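Hello,

Here is the structure you asked for, with the sequence alongside. My notes on what was found follow below.

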Amino acid sequence: MDDGRFADWLEIFDDDLFYWAPLRTNRLRRQAALRVGSLGEAAYFDETKESLAWRIRRYDSGMAWAEDPPSRTRHLISNVMVRHSGENQLTVRSAFLVYRNRLQTETDIYAGGRIDTLRVAARA
């Protein structure tokens, strides 16, 4: 991703990809269950492989004006924990830090955690 090879990145996923990043809010402890949004509510990402492919085609077409010139990014992944969660399936928890810079002064830093389900495919 940091090299801009988004189509190659997308190809590592199965066709039933579900990529979801819910919104989080700051809540008092008694409301802790409401910190993370639920499915069907607003989310940063609520994507399928098809919708991500559409985004990548748009980006590659030169019509993604918000990315001209393209952002420079660096993804840092740490605290990786892997557990078996079924036959040929792993659950992976990790922390991330994403640095994004565009133009001269536009800089964003995103930090968070993620949970991924990985399926181990049989080799042909």
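The second largest pocket holds about 150 Å³ of space; bear in mind that this is a predicted model. Its lining consists of Leu 23, Thr 25, Arg 27, Ala 33, Leu 34, Arg 35, Val 36, Gly 37, Ser 38, Glu 41 and Ala 42. Sorted by class, five of the lining residues are nonpolar, three are polar and three are charged.

As for the fold, the chain has two helices and five strands. Read from the N terminus, the elements come in the order α-β-β-α-β-β-β.

Three of the strands make an open sheet, ordered S3-S4-S5 and paired antiparallel. Its edges are S3 (72–86) and S5 (106–119), each of which pairs on one side only. From one strand to the next, the twist averages 10°. The antiparallel pairing of S3 with S4 (residues 89–102) runs over 12 bridges. Within the sheet, His 84 stands opposite Leu 90 of S4.

Some totals for the whole chain:

- Along the principal axes, the C-alpha atoms fill a box of roughly 50 × 40 × 30 Å.
- The chain has 124 residues, and 15% of them count as buried, that is, they have under 20% relative accessible area.
- Taking contacts between residues at least 6 apart in sequence, 44% join residues at least 24 apart.

Regards

Methods. Residues numbered from 1 in each chain as written. Predicted model: local features only at pLDDT ≥ 70, side-chain atom pairs only at ≥ 80, totals over all residues. Heavy atoms only, no water. 1 Å grid on protein atoms, 1.4 Å probe; cavity = no way out; pocket = protein on both sides within 12 Å on 5 of 7 lines; lining within 4 Å. Points joined across faces, edges and corners; volume = space filled by probe spheres on them. Nonpolar A, V, L, I, M, F, W, Y, C, P; charged D, E, K, R; others polar. Pairing = 2+ DSSP bridges. Helix = DSSP H or I, 4+ residues; strand = E, 2+ residues; numbered from the N terminus. Axes fitted to C-alpha atoms, helices over the stretch in contact; angles between N-to-C directions. Buried < 20%, exposed > 50% of the residue type's maximum accessible area, 1.4 Å probe, protein only. Contact = heavy atoms within 4.5 Å.
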